[in-house]
Amino acid sequence: MNTPARLGAYLLGLAVLFGGALGAGRAADAAGLTPRVTTHTSASPAPQEASVPEGLQVSNNGYTLTPRTTTVQAGRETDFRFTVTAPDGGPVTGYRVQHDKKMHFIVVSRDLGGFWHLHPKETGNGEWSVPLTLPAAGVYRAFADFAPEGGDAMTLGVDLRSPGDYTPAELPAASRTATVDGYTVTLDGDLVPGASSRLTLNVAKDGRPVTDLQPYLGAYGHLVALRDGDLAYLHVHPDGEPGDGRTAPGPGITFHAEVPSRGAYRLFLDFQHAGVVRTASFTVHTGQTAPASPAPSPSGSGHGHGGHAH
């Protein structure tokens, strides 16, 4: 056979071979034996990640908490100053009022034993100033809770350090009862991860319910919840307000809280009676009921009681 004839026969054989394979493939596909290729372009979009809890970031949505100093000497009053930087790089100078204040400044010890709810004053050009005394050496977390004009409400956080030797205290045991300055506060309700939880805190003094609580920050109480471990700051909203015709001035103060995960949380309740603001604190575990009648827990541990500055 000459060369052209051999080449023609070779090409004819290839056509028969590929034609047979194509036919077999179509038959198998018709019978459902050949897996189909799935492209990513038609796949469902990946689920969105849950938003980061408040207070874990020093910067969010272009706003940044900028303290003048992050080291504070224990036992010495410090004129603590800070600003919030706007997305354009300049200091924020316009704030909306929330709970009777433009700025709420919360300081806690990292072991959640100490708690201070402070209200700084504006000194001009977007700067805030507040007298701050840390009682002992250690690591603390400061939170700025605010709502800039034209922006969403947010809470930014930054660590503060007080030099010296210190030993972190253990988280207080879970309890439904706290005592502070002769007042007893009991907690009713449970935290449920991922759902709005109704919590009622009942205030009594000398065994008698307190029915003449005084308004504080636009409500009969102010509650802060912090997650143990990372100190995620959780917004807690009161149910009702003074003068609305339905909210009584005690003994119960009701809040709605939503926690993002299982674990231990520390609750700090500020309430005002007889002209004095006091703080009662609780440790609560989600998914676990606290003892019904535990030993009373003091308002603060390790670093003393919570404090306030206005």
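User: How many bridges join strand S14 to strand S18, and how do the two run?

Analyst: Strands of a sheet pair through backbone hydrogen bonds, either parallel or antiparallel. In this predicted model, strand S14 (residues 222-227) and strand S18 (residues 264-273) run antiparallel, joined by 6 bridges. Leu223 stands opposite Leu269 in S18.

User: What is the strand order in the open sheet?

Analyst: The order is S15-S14-S18-S19, an open sheet of 4 strands with antiparallel pairing. Strand S15 (233-234) and strand S19 (276-285) stand at the edges. Each has a single partner strand, so one side of each lacks a neighbour in the sheet.

User: What is Phe282 in contact with, leaving aside its neighbours within four places in sequence?

Analyst: Its partners include Val185, Leu187, Leu201, Tyr265 and Leu267. Ser175, Arg176 and Thr177 are also among them.

User: Ser109 next. Is Ser109 buried or exposed?

Analyst: Judge by relative accessible area: buried means under 20%. Ser109 has 0%, so Ser109 is buried. Ser109 lies in strand S4 (residues 103-109).

User: Where does the side chain of Ser109 reach?

Analyst: The side chain of Ser109 reaches the backbone nitrogen of Gly113, at 3.1 Å.

Methods
Residues numbered from 1 in each chain as written. Predicted model: local features only at pLDDT ≥ 70, side-chain atom pairs only at ≥ 80, totals over all residues. Heavy atoms only, no water. Buried < 20%, exposed > 50% of the residue type's maximum accessible area, 1.4 Å probe, protein only. Polar contact = N/O pair within 3.5 Å; in protein donor to acceptor, adjacent residues only side chain to side chain. Pairing = 2+ DSSP bridges. Contact = heavy atoms within 4.5 Å.
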